[in-house]
Amino acid sequence: AAVERPGRRGLSNRWRLRSRRGQQVARGADATGREGEGHTGSVQGGQPRRRVARDPESLRWNLELALREEDFETAALLRDELAAADFGRPALALEGLLRDRVRCAIDAALGSAARTSPAAQLEAVRLLQALATPPAASRDAEDGLFWVLKDATEDEVLEVAEAALWSCWLHSGDEAVDVTMQQGLKLMGAGELAKAVQAFTEVITRAPTYAEGWNKRATALFLAERFDESIEDCNRVLELKPRHFGCLSGLGICHLRKGDERSAALWLRRALEVNPRSDDTKRIVADLEARSAFLLLRPRINEVLGELRTGSPSRLPQAEEQVRASWEAFHVEDLDKSTYYFRVSVECLSGPGVAGAARYYALQYAGGSVFPLSRVTQGPAAISLAPGESYHYSFMLTLTEELRAAQGGLLFRSHRHSGRDGDCEDDLQDAFFEAPLERLEELHGPSAVREADLGRLNEGFRFMGRLEIQVED
C-alpha cells in the first residue's frame, strides 16, 4: 500500500484510535482484512474484552496517532504489541520500517515539524532520493518526492527535489544497462543522433520497463526531427511513469513542432500540474493560450463591431450555464476628457471550475466609429474560479470622444479533465467558451457619476487601472 502522508491527508478510519487512557485500544484488522483473536484489552463491566490481532502497519499508524495526541499510556501498549507483531512477521516489519522512514522524511522535507532547519529539509529530500533509487527503489519514496515538489515552498528544496527525481529515473538498477545509457547520452550530446538512438534501443531491449531508456530515445528522435516516433516513445514512458514531467513537457514540444498547438498546450499544462516550477513551460503555455484565445475571439470581435457599426440588434452567443457575467458603465462627469468607469462581475455557477483566457470590449464613439480592445487574462488580470466563486473587477477608459455604446465578452477555459493519465484525446474536452457582456447604451444621463463617487462604487471590486485612448486622424 502507498504511504499516506502524515499530518497532511489524515489517517484512514481503519487505523484511527478510538480510545483514550483506561479504554480499549481501537480494533483493527489483520493482514487478510479479517478480525482475529488476540490478548485481552481493558476491563469493562468486570469482564475483560478481547483485542483483535493487527498487522504491523496498522499498529504503526495507531502508535503515531497516539504520540501526536500525547496518549503515552496507549503508545506504550502499542509499542509492546508492535514488537510482538514484528517478531512474528520480519518481512512485513521491514516494509513497515521503510514506510516509517519515508513518512518521517516527507514531514521533514516539507518542514512540517516545528523548527525544522533548511539543512534538515534538504537532507530529508536526499534520503527520499536514496530510497527511491533502483535497484531497491521504494515507490513510496518517489511519491514523497512528488509531494515535496508540489507542496514545498522553499526554492532550494524544490530545486533539490526536482533534481532528485531526475537522478532516480536515470538509474536502472542494472550496471550494464547504466553503462550503455551513459554511452547513449554522450553520443546524443555530441550530435551523433543515429548512434544515440541505437544505444538507447539497446537499453530498451535489455530493460523494457526502464522508463528513462524510452524517454532518452524519445529525446534523440526529437532532436533528429522524427517527431511521430518520439511521440510513440513518450507514450511508452507515460505508461510506466505517468508523472514524468520531463516526458510530458517533451510531448508538448513534439506536438508544437508538428504545428498542433492545441495538443501542445494540453500536454504542457499537464506537465505544470506535476511540476509547477518550470518557468519555461509556463511561458510557452502562456504564449500558446494567448494565440488560441485571439484566434477564437477574432471572428466574434468582428461580428460585434459590425453590429455596432450598422446599429443592428446584438446577437449574443448561447451562454454557458457554467458562468454568468454582467457589467455596468458610468460616465465620470467632472473630469476634463470623456472618462468612463466600468464594473464587471463574473460568477461560476457549476461545473469543474474555469480559468479566464481573454476578454474583449467593442466600443462605439458618439460619431459612429467603432474600435475594439482586447487582452489576455494572465498575471494580475487572471481569473480562476471554482463553482460558487465570483470575481469582480473594474477599470477606467479616458477618450477624446464620448461613447455611444459598448459590448464585450469574456473567454474562459473549462477545467474538464478526463482523469486518465497519458490520454490527451479525452482532455480535448478542455474547451473554450464565451461569457457575453450585453450591450450598454445611453452611457450618459442616469449613469453619470462624479469622481468623488468612484471610491464608493469600487467597494468589492478589483481596480485594474486606467487606460487613455487617443483618436488618430
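Analyst: Accessible areas here come from the Shrake-Rupley method with a 1.4 Å probe. On that basis the chain of this predicted model exposes about 23700 Å², of which carbon and sulfur atoms supply 50%.

User: What share of the residues counts as buried?
Analyst: The chain has 473 residues, and 47% of them count as buried.

User: How many helices and strands are there?
Analyst: There are 14 helices and twelve strands in the chain, and among contacts between residues at least 6 apart in sequence, 67% join residues at least 24 apart.

User: How do α11 and α12 pack?
Analyst: Helix α11, residues 245–257, packs against helix α12, residues 261–274, at an angle of about 165°, and their axes lie 7 Å apart. Angles over 145 degrees count as roughly antiparallel, so α11 and α12 are roughly antiparallel to each other, and their crossing is left-handed.

User: Which residues meet there?
Analyst: On the α11 side they include F245, L248 and L251, and on the α12 side they include W267, L268 and V274. By class, the residues of this contact between α11 and α12 divide into ten nonpolar, four polar and two charged.

User: Switching topic, what about α4 and α6?
Analyst: Helix α4 (residues 118–132) and helix α6 (residues 155–170) pack at an angle of about 10°, with 9 Å between their axes, and they are therefore roughly parallel to each other. The crossing of α4 and α6 is right-handed.

User: And which residues make that contact?
Analyst: Among them are L122 and V125 of α4, together with V160 and A164 of α6. The contact of α4 with α6 has eight nonpolar, three polar and one charged residues.

Key
Residues numbered from 1 in each chain as written. Predicted model: local features only at pLDDT ≥ 70, side-chain atom pairs only at ≥ 80, totals over all residues. Heavy atoms only, no water. Axes fitted to C-alpha atoms, helices over the stretch in contact; angles between N-to-C directions. Helix = DSSP H or I, 4+ residues; strand = E, 2+ residues; numbered from the N terminus. Parallel < 35°, antiparallel > 145°, perpendicular 65-115°, else oblique. Left-handed = near helix turned anticlockwise from the far one by under 90°. Contact = heavy atoms within 4.5 Å. Nonpolar A, V, L, I, M, F, W, Y, C, P; charged D, E, K, R; others polar. Buried < 20%, exposed > 50% of the residue type's maximum accessible area, 1.4 Å probe, protein only.
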